[in-house]
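Colleague: I have this one open on my screen and would like to go through it with you. Please start with how the chain is held together.

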Amino acid sequence: MEGIVLILVMAIVVEALIEYAKTIGKAFANGGWKTAVTQLAAIALGVLLCFMTGGDLFAVVGIEFAWAWLGVILTGILISRGANYVSDFAKRLQGVKTKEE
């Protein structure tokens, strides 16, 4: 069952990253440089803060990457989307973990 949970969590993460990339790509394509740069700055700040604090949402829910820093980077990207987004993401993770138990 643990493998299924891992696959579901990674699917949620990939969806989130693709949506973020689409938003930034669309902003650049439509001349929305300010929006794209703001979002990239938010990513950089989120990742920096996670490295500085050791923030790793994946480690908290029991998912470990082969490279520990990858969980920190992905957490930084997710938190760069904002509190609402992270809350929704955490609820999805809790739903996945609950189904496992």
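Modeller: In this predicted model, residues 24 or more positions apart account for 58% of the contacts in the chain with a separation of 6 or more. Contact here means heavy atoms within 4.5 Å.

Colleague: How are the residues numbered, and what goes into the numbers?

Modeller: Residues are counted from 1 along each chain as its sequence is written, and side-chain values rest on heavy atoms, with hydrogens and water left out. As the model is predicted, local features need pLDDT of at least 70 and side-chain atom pairs count only at pLDDT 80 or more, whereas totals for chains, interfaces and linings use all residues.

Colleague: OK, and how many helices and strands are there?

Modeller: The chain has 5 helices and 0 strands, and from the N terminus on its elements run α-α-α-α-α. Helices (H or I, at least four residues) and strands (E, at least two) are DSSP runs, numbered from the N terminus.

Colleague: Where is confidence lowest, and where is it highest?

Modeller: Confidence is given as pLDDT, the predictor's confidence in each residue, from 0 to 100. Helix α5 (residues 83–100) has the lowest mean, at 66, and α2 the highest, at 90. For the chain, the mean is 82, and 86% of its residues reach 70 or more. Where pLDDT is low, the predicted coordinates should not be read in detail.

Colleague: Now the inside. What share of the residues is buried?

Modeller: Of the 101 residues in the chain, 30% are buried; that word means under 20% relative accessible area, while exposed means over 50% and partly exposed lies in between (1.4 Å probe, protein chains only).

Colleague: And which residues form the largest nonpolar core?

Modeller: There are 12 of them, namely V5, V9, I12, V13, A16, F58, V61, I63, F65, L74, L78 and F89. The elements that give two or more residues to this core are α1 (2–29) and α4, and the largest share, 5 residues, comes from α1. A nonpolar core is a set of buried Ala, Val, Leu, Ile, Met, Phe, Trp, Tyr and Cys residues joined through side-chain atoms within 4.5 Å.

Colleague: What does F89 touch?

Modeller: Not counting residues up to four places away in sequence, F89 touches I12, V13, L57, F58 and L78. Besides this there is a second, separate core of 7 residues, which includes A27, A36, I43 and V47.

Colleague: Let me jump to G71. Is that glycine buried or exposed?

Modeller: G71, which is found in helix α4, counts as buried because its relative accessibility is 0%. With residues up to four places away in sequence left out, G71 touches D56, F58 and F65. The C-alpha atoms of G71 and A59 are 7.2 Å apart in space, although these residues are 12 apart in sequence.

Colleague: What about Q39, buried or exposed?

Modeller: Q39 sits in helix α2 and is buried, because its relative accessible area is 18%. Leaving aside neighbours within four places in sequence, Q39 is in contact with Y20, T23 and I24.

Colleague: And L40, which residues is that one in contact with?

Modeller: With neighbours within four places in sequence set aside, L40 is in contact with I24 and F28. L40 is also in helix α2, but is partly exposed, with a relative accessible area of 39%.

Colleague: Switching to charges, how many salt bridges does the structure hold?

Modeller: The structure holds 1 salt bridge, meaning a side-chain nitrogen of Lys or Arg within 4 Å of a carboxyl oxygen of Asp or Glu. In it the side chains of E19 and K22 meet at 3.3 Å, N to O.

Colleague: Why are E19 and K22 separated by about one helical turn?

Modeller: That is because E19 and K22 are 3 residues apart in helix α1. E19 is partly exposed, with a relative accessible area of 36%, and K22 is partly exposed too, at 46%. Side chains of opposite charge can pair when their charged atoms come close.

Colleague: Last topic, the surface. How much of the accessible surface belongs to carbon and sulfur atoms?

Modeller: The accessible surface of the chain comes to about 6500 Å², and 67% of that belongs to carbon and sulfur atoms. Such areas come from the Shrake-Rupley method with a 1.4 Å probe, and for residues only the protein chains shown count as cover.
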